[in-house]
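These are my notebook entries on a structure that is new to me.

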Amino acid sequence: MFDTGLVSVSFRSLSVETVISLCGENGLDFVEWGSDIHAPCHDVDKLRQIARLQAEAGIRCSSYGTYFRIGVHPAEDLEPYIKAARLLKTDVLRLWCGTKDYEEMTADERAYIIDEAKKIARMAEREKVVLCMECHHHTFTSCTEGALALMNAVNSPNFRMYWQPNQFKTVNENMVSARLLAPYTRNIHVFQWDAARRYPLIEGREVWIAYLSLFDGTQTLLLEFMPDDSPSSLSAEAEALRQLTKGA
């Protein structure tokens with residue numbers, strides 16, 4: 001039930017070596033490497049170094065966190081990210097979809113995004129990778145309605161979702177989102193926030209156990225950001241994450 005890991009952008013200022021060490025010290029088996037700082041897609045030497053270091057430490061790459069935006073970047077720009085993911089030994093890439101919240105898009109804008117998404121989904125099928133959209137503000141998948149519309153329109157096993165609670169929504173609203181998106185979800189970003197501030201994950205233990213009960217346990221749970229941005233908090237957050245997996 002549920003593998004556990006860390007999103008490397010939680011510690012953008014730290015080296016790859018330090019991120020890997022922190023994972024090993026805290027019992028986290030996976031890393032989602034971000035393409036912005038730690039694992040740029042065109043830096044082949046660095047990507048190979050990361051692959052070697054994580055293998056030596058017994059850490060695996062759950063996914064490649066790109067900043068490719070469907071509908072903004074041309075489909076062919078995805079190719080170097082796919083090659084980079086392969087070097088990191090993962091077949092899962094995280095993408096963003098558009099630049100507006102779903103509710104703010106016109107019908108024509110939505111249709112264009114869907115056409116572009118179908119195009120890169122066909123690419124993913126050929127390349128045997130899985131492209132996952134994040135539940136992120138200012139994107140097509142900013143809300144459950146948009147995410148479901150996109151999943152249904154693209155209708156590809158190589159085009160899937162991440163899930164995370166929306167800090168501006170109620171627990172009940174997030175429960176509905178988790179239930180509806182669970183069949184499409186590959187990875188889960190884990191944090192305990194509300195609209196005003198971040199909290200230690202342990203404070204959301206019962207809520208998170210309820211969220212995770214809606215998933216089938218095949219997803220990787222990835223800690224995203226510390227409540228205080230400090231590496232020293234990772235130990236407590238990783239322990240809280242383990243408690244969630246036992247509770248679920």
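**Entry 1: Helix H5 and its cover**

I began with helix H5, residues 144-154, where Gly146, Ala147, Leu148, Leu150, Met151 and Val154 are buried. I note at the outset that the model is a predicted one. I then asked what covers the buried residues of H5. The cover includes strand E4 (92-97), helix H4, strand E5 (130-133), strand E6 (159-163) and helix H6 (171-181). After H5 comes Asn155, and I recorded a positive phi for Asn155, near 50°.

**Entry 2: Met151**

Is Met151 buried or exposed? The relative accessibility of Met151 is 3%, and the limit for a buried residue is under 20%, so Met151 counts as buried. Setting aside residues up to four places away in sequence, I found Met151 touching Met133, Phe159, Arg160, Met161 and Tyr184. I also looked up a pair: Met151 and Ile113 lie 38 residues apart in sequence, and their C-alpha atoms are 12 Å apart in space.

From Met151 I turned to Met133. Beyond its neighbours within four places in sequence, Met133 is in contact with Ile70, Leu95, Cys97, Thr141, Leu150, Met151, Phe159, Arg160, Met161 and Tyr162.

I next asked how many residues the largest nonpolar core has. It has 73 residues, and Trp33, Leu131, Met133, Leu150, Phe159 and Leu223 are those with the most contacts inside it. Helix H4 (residues 107-127) gives the largest share of this core, seven residues.

**Entry 3: The barrel**

I followed the strands next. In what order do the eight strands close into a barrel? The order is E1-E2-E3-E4-E5-E6-E7-E10, and the pairing is parallel. On average, neighbouring strands of this sheet are turned by 30° against each other, direction ignored. Helix H6 packs on the sheet, where it touches E6 and strand E7 (185-190), and the direction of H6 makes about 155° with that of E6.

**Entry 4: Strand E4 and its partners**

I examined E4 with both of the strands that I had listed beside it. Strand E3 (residues 60-70) runs parallel to E4, and four bridges join them. Within this pairing I noted Tyr64 opposite Leu93 in E4. E4 also pairs with E5 in the parallel sense, over four bridges. Here Arg94 stands opposite Cys132 in E5.

Why is E4 described as largely enclosed by the rest of the structure? Six of its six residues are buried, and therefore the description applies. In a regular strand, side chains alternate between the two faces of the sheet. On one side of E4 I listed Val92, Arg94 and Trp96, and on the other Leu93, Leu95 and Cys97; all are buried, and both faces of E4 are covered.

**Entry 5: Asn174 in H6**

I returned to H6, which holds Asn174. Asn174 has a relative accessible area of 5% and is buried. Apart from residues up to four places away in sequence, Asn174 touches Trp163, Pro165, Asn166, Lys169 and Tyr211.

**Entry 6: Ile50 in H2**

I then looked up Ile50, which is found in helix H2 (residues 44-57). The relative accessible area of Ile50 is 0%, and Ile50 is buried. Which residues does Ile50 touch, not counting those up to four places away in sequence? They are Val16, Ile20, Trp33, His38, Ala39 and Leu88. Trp33 is also among the residues with the most contacts inside the largest nonpolar core. Glu104 is 54 residues from Ile50 along the chain, and 39 Å separates their C-alpha atoms.

**Entry 7: The chain as a whole**

The C-alpha trace spans about 50 × 45 × 30 Å along its principal axes.

Of the 248 residues, 53% count as buried. Among contacts with a separation of 6 or more, 78% involve residues 24 or more positions apart. The chain exposes about 10,900 Å², of which carbon and sulfur atoms supply 48%.

Key
Residues numbered from 1 in each chain as written. Predicted model: local features only at pLDDT ≥ 70, side-chain atom pairs only at ≥ 80, totals over all residues. Heavy atoms only, no water. Core = buried A, V, L, I, M, F, W, Y, C linked by side-chain atoms within 4.5 Å. Buried < 20%, exposed > 50% of the residue type's maximum accessible area, 1.4 Å probe, protein only. Helix = DSSP H or I, 4+ residues; strand = E, 2+ residues; numbered from the N terminus. Contact = heavy atoms within 4.5 Å. Pairing = 2+ DSSP bridges. Axes fitted to C-alpha atoms, helices over the stretch in contact; angles between N-to-C directions. Areas by Shrake-Rupley, 256 points an atom, 1.4 Å probe, with all protein chains shown as cover.
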